[in-house]
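Please look over the sequence and the structure below. A short report follows.

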Protein chains: 2
Amino acid sequence: MQPGGTNRQVDRGRRVGVDKTDIKQAGLKVTLPRVKILEILEASGKGEGPRHLRAEDVYRRLLERGEEIGLATVYRVLTQFVEAGLVCRHNFEGGQSVFELDRGAHHDHLVCMKCGQVVEFMDEAIESRQEAIAAEHGFTLEDHTLVIHGFCPSCQAPG
Amino acid sequence: MQPGGTNRQVDRGRRVGVDKTDIKQAGLKVTLPRVKILEILEASGKGEGPRHLRAEDVYRRLLERGEEIGLATVYRVLTQFVEAGLVCRHNFEGGQSVFELDRGAHHDHLVCMKCGQVVEFMDEAIESRQEAIAAEHGFTLEDHTLVIHGFCPSCQAPG
DNA sequence: CAAAAAGATGCAAAAGCTTCCCATTTTATT
DNA sequence: AATAAAATGGGAAGCTTTTGCATCTTTTTG
């Protein structure tokens with residue numbers, strides 16, 4: 001549910017950070033696993049590795065921090081966060097989902113086919129054409145997925 | 001590898017049909033499983049159900065036609081056909097891949113979130129913006145995935 | 001056209017990701 | 001503090017997809 005939706009950040013504009021309050025407002029109890037997972041997501045993309053993490057990555061980082069949180073819990077919590085609009089889930093190729101904190105601003109992705117680097121972008125022209133296309137076909141537009149696959153500057157280098 | 005590529009139909013323009021010749025030209029032996037799978041794909045979207053089939057769907061249709069072809073073979077053959085440029089694979093949400101005959105014309109998809117109906121579309125404006133975006137970020141554009149999720153006309157109906 | 005070589009198939013087992021079950025523990029409520 | 005409600009952890013289970021390997025087909029060669 002990228003465009004539209006009924007969650008906080010969409011109503012109040014850009015989100016700057018998330019905390020326990022967001023968990024509570026989502027109707028979820030404030031538990032240690034939830035707080036820690038939110039911390040991991042918040043740290044990602046801010047110098048602490050890539051912004052987009054697979055459930056497995058979140059799980060590993062928790063272990064590294066000494067938090068013994070079960071993988072099943074990670075999956076459950078991430079799903080709940082997505083439903084609450086705190087987190088975005090993307091299904092890139094390969095059958096795995098990646099998660100990132102929802103900063104309130106919709107964006108699409110450019111993914112390097114070699115190193116996996118992910119670059120975000122947003123293009124108004126593309127966004128509005130999509131609305132027009134959905135309308136032309138009588139569809140409502142609830143969400144969309146746009147991923148451009150190519151080779152990033154480094155991976156095009158000779159050698 | 002939707003845009004570009006080195007396969008027949010891209011070189012010769014729109015494909016009208018496929019046959020054993022295509023299998024041979026792909027460097028694959030002309031075997032019964034391959035021929036039958038190609039037939040299933042060709043029949044799809046031409047009145048015979050939806051054009052986009054999961055491996056499991058192809059397998060089931062083969063069984064219905066009395067062909068005892070293993071599921072593993074279906075997966076193997078579909079993958080080979082994709083590599084040969086005869087078939088396109090799309091990774092819609094849900095972790096499952098769907099396949100369709102490559103008719104040589106690139107297109108994107110509109111998928112109904114309720115009934116799963118798939119509508120194809122093609123928009124030049126979106127295509128060219130994507131090239132511009134990839135270029136802006138120094139990426140080469142090898143391929144892309146654009147899926148618009150919404151509710152089709154029937155699924156928006158009251159009740 | 002038969003024999004040999006190369007490649008494909010089928011089945012079952014294995015993988016990889018994600019969800020489900022349920023007894024136990026934690027959080028929120030009264 | 002006691003009670004009710006919800007969440008967790010660990011493993012089993014579910015799905016889709018891939019792999020290993022003996023057997024069978026297709027293609028090549030003589």
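Which residue is the bridge partner of Val147(A) in β6(B)? The partner is Thr145(B). Keep in mind that this is a predicted model.

**Where the chains meet**

That pairing belongs to a longer run. Strand β6(A) and strand β6(B), residues 143–150 of chain B, are joined by 7 bridges. The two strands run antiparallel.

Now take in the whole interface. In chain A, 34 residues are in contact with 34 residues of chain B. The size of an interface is often given as the accessible area lost when the parts come together. Here the area buried between chain A and chain B is about 3,000 Å². Carbon and sulfur atoms give 66% of that area.

Polar links cross the interface as well. The rule finds 14 residue pairs in polar contact between chain A and chain B, both residues being at pLDDT 80 or more. Which elements give two or more residues to the side of chain A that touches chain B? They are β4, β5 (118–121), α6 (124–136), β6 (143–150) and α7 (153–156) of chain A. The largest share comes from β6(A), with 8 residues. By residue type, this side of chain A divides into 18 nonpolar, 10 polar and 6 charged.

The rule finds 2 across the interface of chain A and chain B. One of them links Arg129(A) to Asp123(B). Their closest N and O atoms are 2.4 Å apart.

Is His109(A) buried or exposed? Its relative accessibility is 2%, so His109(A) counts as buried. The cut-off for buried is under 20%. The side chain of His109(A) makes a polar contact with the side chain of His107(A), at 3.3 Å. Leaving aside neighbours within four places in sequence, His109(A) is in contact with several residues, including His52(A), His90(A), Glu100(A) and Phe121(A). Val147(A) is also among these contacts.

**Salt bridges within the chains**

Over all chains, the count comes to 24 salt bridges by this rule.

| Pair | N to O distance |
|---|---|
| Arg65(A) and Glu48(A) | 3.7 Å |
| Arg54(B) and Asp57(B) | 2.7 Å |
| Glu56(B) and Arg60(B) | 3.7 Å |

Start with the pair in chain A. The salt bridge of Arg65(A) and Glu48(A) links distant parts of the chain, 17 residues apart. Arg65(A) is in the loop between α4 (55–64) and α5 (71–84) of chain A. Glu48(A) is in the loop between α3 (32–43) and β1 (53–54) of chain A. Arg65(A) counts as partly exposed, because its relative accessibility is 38%. Glu48(A) is partly exposed, with a relative accessible area of 38%.

Next come Arg54(B) and Asp57(B). Arg54(B) is partly exposed, with a relative accessible area of 26%. Asp57(B) has a relative accessible area of 15%, so it is buried.

What separates Glu56(B) and Arg60(B) in helix α4 of chain B? They are 4 residues apart in this helix (residues 55–64), so about one helical turn separates them. Glu56(B) counts as partly exposed at 30% relative accessibility. Arg60(B) is partly exposed, with a relative accessible area of 38%.

Back in chain A, salt bridges that share partners form one network. This network joins Lys36(A), Glu39(A), Glu48(A), Arg65(A) and Glu67(A).

Note on methods: Residues are numbered from 1 along each chain as its sequence is written. Chains are lettered from A and ligands numbered from 1 in the order in which they are written. This is a predicted model: local features need pLDDT of at least 70, side-chain atom pairs count only at pLDDT 80 or more; totals for chains, interfaces and linings use all residues. Side-chain values use heavy atoms; hydrogens and water are left out. Buried means under 20% relative accessible area, exposed over 50%, partly exposed in between (1.4 Å probe, protein chains only). A polar contact is a pair of N or O atoms within 3.5 Å; within protein, one must be able to donate a hydrogen and the other to accept it, and residues adjacent in sequence count only if both atoms are side-chain atoms. Contact means heavy atoms within 4.5 Å. Buried area is the accessible area (1.4 Å probe) that two parts lose on being put together, summed over both. A salt bridge is a side-chain nitrogen of Lys or Arg within 4 Å of a carboxyl oxygen of Asp or Glu. Ala, Val, Leu, Ile, Met, Phe, Trp, Tyr, Cys and Pro count as nonpolar, Asp, Glu, Lys and Arg as charged, and the others, Gly among them, as polar. Two strands pair if DSSP finds at least two bridges between them.
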